[in-house]
Amino acid sequence: MSNEKNQEIRLSKALKLHPQIKVVSKLGNGNKGVAYLTEDGRVIKITIDREEYSTALALKGKTLKHIIDIYDCWRFKCVYDDGDFDNLFCLFEEYVDTISQKDVVIKFVSLFKHAWFSKYFPDFEGGLGTFDDLNRCMRNPFKYSKAINYTKQFILTEGEILGLENQFEVIYNQLAFAYLELHKNAPKSHLDLNDGNIGFTSKGVLKIFDMQ
């Protein structure tokens, strides 16, 4: 999202609708949204992503094991000083730790994508796979057991070389369950898989966020 001044205006407009939410710091921003840490240890995110908002509506109020909790979400119109405006979306959601296991997650996600897109699809399907193909396989593990078993074993073998086999297996199993959970609770959505969208609860449970 654009400059700091506009981010401040958007945040102010968003919080006017829910003044009980108190922001203490900015966590970071991407191409479509800005996330802030709140006083009670949660996250408020302002985004232009309509698909992410639609997914948040489908997940709102549900307590899931490997998908972050969405406590609330709303839309609002933000008018700037020059009269221009944006229709924006706001998500109030669970905070997860994205730092403590960052190095392991980066290695895992890189190998996960390599296993699917550089190994499985070209070698066994005869062409380059897409993220839609990946979602289809991960959401139907019994139907696509050959793909699942091949790619998981590849990841674990590479993990053993790195001395991370056990960590990779735990992450893989939880991520696989996250795909199933998301499909069950928001079937029209998809997981935007990158290492920045995976975090862990205080008990070390993997949770995904930024679903679309």
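Which residues does glutamate 93 touch, not counting residues up to four places away in sequence? They are Arg42, Val43, Lys45, Ile68, Asp69, Ile70 and Tyr71, where contact means heavy atoms within 4.5 Å.

A word on the source: this is a predicted model, in which local features need pLDDT of at least 70, side-chain atom pairs count only at pLDDT 80 or more, and totals for chains, interfaces and linings use all residues. Residues are numbered from 1 along each chain as its sequence is written, and side-chain values use heavy atoms, with hydrogens and water left out.

Glutamate 93 belongs to strand E5; strands are DSSP runs of E, at least two residues, numbered from the N terminus. Glutamate 93 is buried, that is, under 20% relative accessible area with a 1.4 Å probe, protein chains only. Yet glutamate 93 has no salt bridge, defined as a side-chain nitrogen of Lys or Arg within 4 Å of a carboxyl oxygen of Asp or Glu. Lysine 45, the nearest side chain of opposite charge, is 5.8 Å away.

Now the sheet. Five strands, in the order E1-E2-E3-E5-E4, form an open sheet with antiparallel pairing; a pair requires at least two DSSP bridges. At the edges are E1 (23–29) and E4 (70–79), each pairing on one side only. E1 is joined to E2 (residues 33–38) by five bridges, and asparagine 29 has valine 34 in E2 as its bridge partner.

Finally, helix H1 (residues 4–16; helices are DSSP runs of H or I, at least four residues) lies across E1, E2, E3, E4 and E5.

Notes: Axes are lines fitted to C-alpha atoms, for helices over the stretch in contact, and angles run from 0 to 180 degrees between N-to-C directions. Buried means under 20% relative accessible area, exposed over 50%, partly exposed in between (1.4 Å probe, protein chains only). Lys and Arg count as positive and Asp and Glu as negative; His and the chain ends are not counted.
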